[in-house]
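Work through the exercises below with the sequence and the model side by side. Try each task before reading its solution.

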Amino acid sequence: SCCAPCSSYCLEYLSKYFKITVVYYNPNIFPLEEYEYRISEQKRLIESMETKYPVKFVEGGYEVDIFTNIAKKLAKEPEGGKRCFACYGLRLKKTAEYAKTYNFAYFTTTLSISPLKDATKLNEIGEALEKSIGVPYLFSDFKKKNGYKRSTQLSKEYNLYRQDYCGCSYSKNNRVC
């Protein structure tokens, strides 16, 4: 999960069918205060939301240097391009590895809820990680069937902080989500 607003509908929907562990691994988020605030909002949502099956939270660590090393090589790439795809891969790999270590049935991402995120690319990355790591990837495009609309309704209902950038310093400078 990248943030509470993006995970809201995903949790509402998926918790009808699965016990969920939210792996919050976002070394891309800048600055540290933003990262910490998003964690607090994610935890608050999980504690507040009624779900059929339990939802747990795991913080993956703020490994900003790992993200920086990947992103600086792609600094001139446009928002939504190769730099973002590398970031998706970094975060999904960590999630897949966690799922493998703890014998989860699937892994997926909340990122596909955003109308500005490329669900096809996210699913390609997930599929490649499924093959290399050995944990099934749950293909998704959570924005469909009014998923994004529902996430905005849930954000209002739970009074969630909705940031105006995706998280990294590049998106903050461009204010693109």
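This is a predicted model: local features need pLDDT of at least 70, side-chain atom pairs count only at pLDDT 80 or more; totals for chains, interfaces and linings use all residues.

Residues are numbered from 1 along each chain as its sequence is written, and side-chain values use heavy atoms, with hydrogens and water left out.

**Exercise 1. Decide whether strand S1 is buried or exposed, and find which strand it pairs with.**

Step 1. Settle the terms. Helices (H or I, at least four residues) and strands (E, at least two) are DSSP runs, numbered from the N terminus. Buried means under 20% relative accessible area, exposed over 50%, and partly exposed in between (1.4 Å probe, protein chains only).

Step 2. Check the side chains. In a regular strand the side chains alternate between the two faces of the sheet. From S1, Ile 20, Val 22 and Tyr 24 point one way, while Thr 21 and Val 23 point the other way. All of these residues are buried.

Step 3. Draw the conclusion. Because 5 of the 5 residues of S1 are buried, the strand is largely enclosed by the rest of the structure.

Step 4. Find the partner. Two strands pair if DSSP finds at least two bridges between them. S1 and strand S2 (residues 55-59) run parallel and are joined by 5 bridges. Opposite Val 23 stands Val 58 in S2, and opposite Tyr 24 stands Glu 59 in S2.

Step 5. Together with helix H2 (residues 32-48), S1 and S2 make a right-handed β-α-β unit. A crossover is right-handed if, with the strands pointing away from the viewer, the path from the first strand over the helix to the second runs clockwise.

**Exercise 2. Describe the salt bridges of Glu 41, Lys 94 and Asp 141.**

Step 1. State the criterion. Side chains of opposite charge can pair when their charged atoms come close. A salt bridge is a side-chain nitrogen of Lys or Arg within 4 Å of a carboxyl oxygen of Asp or Glu. The structure holds 8 salt bridges.

Step 2. Take Glu 41. The side chain of Glu 41 meets that of Arg 44 at 2.9 Å, N to O. Both residues lie in helix H2, 3 residues apart, about one turn of the helix. Glu 41 is buried at 6% relative accessible area, and Arg 44 is partly exposed at 29%.

Step 3. Take Lys 94. The partner of Lys 94 is Glu 63, and their closest N and O atoms are 3.6 Å apart. This pair links distant parts of the chain, 31 residues apart: Lys 94 is in helix H4, and Glu 63 is in the loop between S2 and helix H3 (64-72). Lys 94 is partly exposed at 27%, and Glu 63 is partly exposed at 28%.

Step 4. Take Asp 141. Asp 141 forms a salt bridge with Lys 143, with 3.0 Å between the closest N and O atoms. Asp 141 is partly exposed at 25%, as is Lys 143 at 21%.

**Exercise 3. Locate the cis peptide bond and the positive phi values of Asn 146 and Asn 159.**

Step 1. Most residues other than glycine have a negative phi, and most peptide bonds are trans.

Step 2. Find the cis bond. The peptide bond between Phe 30 and Pro 31 is cis, with omega about -5°. Pro 31 sits in the loop between S1 and H2.

Step 3. Find the positive phi values. Asn 146 has phi near 65° and is in the loop between helix H5 (119-133) and helix H6 (147-157). Asn 159 has phi of about 50° and is in the loop between H6 and helix H7 (169-174).

Step 4. Check accessibility. Asn 146 is exposed at 54%, and Asn 159 is exposed at 62%.

**Exercise 4. Describe the lining of the largest pocket.**

Step 1. Define the space. On a 1 Å grid over the protein atoms alone, a pocket is an open set of points where a 1.4 Å probe fits, with protein on both sides within 12 Å along at least five of seven lines; lining residues have an atom within 4 Å of a point.

Step 2. Give the volume. The largest pocket holds about 570 Å³ of space. Of its 29 lining residues, the closest to the centre are Ile 20, Thr 21, Thr 95, Phe 107 and Thr 108.

Step 3. Name the main contributor. H4 gives the largest share of the lining, 5 residues.

How values were computed:
Grid points are joined across faces, edges and corners, and a volume is the space filled by probe spheres set on the points. Ala, Val, Leu, Ile, Met, Phe, Trp, Tyr, Cys and Pro count as nonpolar, Asp, Glu, Lys and Arg as charged, and the others, Gly among them, as polar.
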